[in-house]
Amino acid sequence: MTTFQVPQRMNFSAVSPKVFKAVLALDAAAREGLDPVLLELVQIRASQVNRCAYCIGYHTSDARTAGETEERIHQLAAWEESSLFTEKERVALALTEAVTVLPGGVSDAVYEEAARLFEEKELAQLIALIFTTNAWNRMNVTTRKTPGTE
């Protein structure tokens with residue numbers, strides 16, 4: 001099988017280390033108190049929506065390390081049709097998609113369901129995780145960060 005190498009445009013962390021470190025700090029703060037498996041599901045799903053190959057690979061590997069199954073990882077792209085995800089995970093994934101595709105907005109129904117299942121502090125952390133993941137996705141898609149590189 002022949003593969004196509006997508007050329008990386010820029011090594012963002014080397015060119016803009018202060019911004020990169022700031023996003024790393026934001027990422028660390030956003031993760032606090034969130035379930036590791038839920039965290040990875042959210043990051044994979046946002047990365048799928050944003051078509052960030054680097055982040056999909058990175059977070060899929062981290063999800064496996066956190067104990068996620070291959071079947072759930074494969075069904076994540078069609079989570080709405082899958083019976084493998086808990087109510088809390090489904091709400092988190094719906095919120096992830098609403099925040100990621102922001103021009104459509106976050107409906108009251110999606111937000112209220114998330115507020116029902118997540119305590120306020122946990123919901124704030126989840127929202128922070130989603131917008132941080134979107135920042136990483138935008139950085140990596142724009143610069144064509146190559147999967148499998150540091």
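Modeller: In this predicted model, Arg51 lies in the loop between α3 and α4.

Biologist: Why is Arg51 called exposed?

Modeller: The relative accessibility of Arg51 is 73%. The term exposed applies over 50%, so Arg51 counts as exposed.

Biologist: What makes the phi of Arg51 worth a remark?

Modeller: Its phi is near 60°, a positive value in a residue other than glycine. Most residues other than glycine have a negative phi. Arg144 also has a positive phi, of about 55°, although it is not a glycine.

Biologist: Where is Arg144 placed, and why is Arg144 called partly exposed?

Modeller: Arg144 is in the segment after α8. Its relative accessibility is 33%; buried would require a value under 20% and exposed a value over 50%, so Arg144 counts as partly exposed.

Biologist: Which pocket has Arg51 and Arg144 in its lining?

Modeller: Both belong to the lining of the second largest pocket, which also includes Tyr54 and Lys145. This pocket has a volume of about 170 Å³. Helices α4 and α8 each supply at least two residues of its lining, and the lining residues divide into 6 nonpolar, 2 polar and 3 charged.

Biologist: How do you know that the charged end of Lys145 sits over the ring of Tyr54?

Modeller: The charged end of Lys145 is 4.9 Å from the centre of the ring of Tyr54. The cut-off for the distance is 6 Å, and the charge must also be within 35 degrees of the ring normal.

Biologist: How many aromatic pairs does the structure hold?

Modeller: There are 2 aromatic pairs. In one of them, the rings of Phe20 and Trp136 have their centres 5.3 Å apart and their planes at 70°.

Biologist: What makes the pair of Phe20 and Trp136 edge-to-face?

Modeller: Ring centres must lie within 6.5 Å for a pair, and planes over 60 degrees apart count as edge-to-face. The values of 5.3 Å and 70° meet both conditions, so the pair is edge-to-face. The pair links distant parts of the chain, with Phe20 in helix α2 and Trp136 in helix α8, 116 residues apart.

Biologist: What are the accessibility classes of Phe20 and Trp136?

Modeller: Phe20, at 23%, counts as partly exposed, whereas Trp136, at 11%, counts as buried. The cut-off for buried is under 20%.

Biologist: Why is the pair of Tyr54 and Tyr58 called stacked?

Modeller: The centres are 6.0 Å apart and the angle between the planes is 25°. Planes under 30 degrees apart count as stacked, so this pair is stacked. Both residues lie in helix α4, 4 residues apart, about one turn of the helix.

Biologist: Which residues have the most contacts inside the largest nonpolar core?

Modeller: They are Val42, Leu95, Phe118 and Leu126, in a core of 16 residues. The elements α3, α6 and α8 each give two or more residues to this core, and α8 provides the largest share, 5 residues. In soluble globular proteins, nonpolar side chains tend to be buried together.

Biologist: Why is Gln43 called buried?

Modeller: Gln43, in helix α3, has a relative accessible area of 0%. That value is under 20%, so Gln43 is buried.

Definitions and conventions: Residues are numbered from 1 along each chain as its sequence is written. This is a predicted model: local features need pLDDT of at least 70, side-chain atom pairs count only at pLDDT 80 or more; totals for chains, interfaces and linings use all residues. Side-chain values use heavy atoms; hydrogens and water are left out. On a 1 Å grid over the protein atoms alone, a cavity is a set of points where a 1.4 Å probe fits but cannot get out, and a pocket is an open set with protein on both sides within 12 Å along at least five of seven lines; lining residues have an atom within 4 Å of a point. Grid points are joined across faces, edges and corners, and a volume is the space filled by probe spheres set on the points. Ala, Val, Leu, Ile, Met, Phe, Trp, Tyr, Cys and Pro count as nonpolar, Asp, Glu, Lys and Arg as charged, and the others, Gly among them, as polar. Buried means under 20% relative accessible area, exposed over 50%, partly exposed in between (1.4 Å probe, protein chains only). A nonpolar core is a set of buried Ala, Val, Leu, Ile, Met, Phe, Trp, Tyr and Cys residues joined through side-chain atoms within 4.5 Å.
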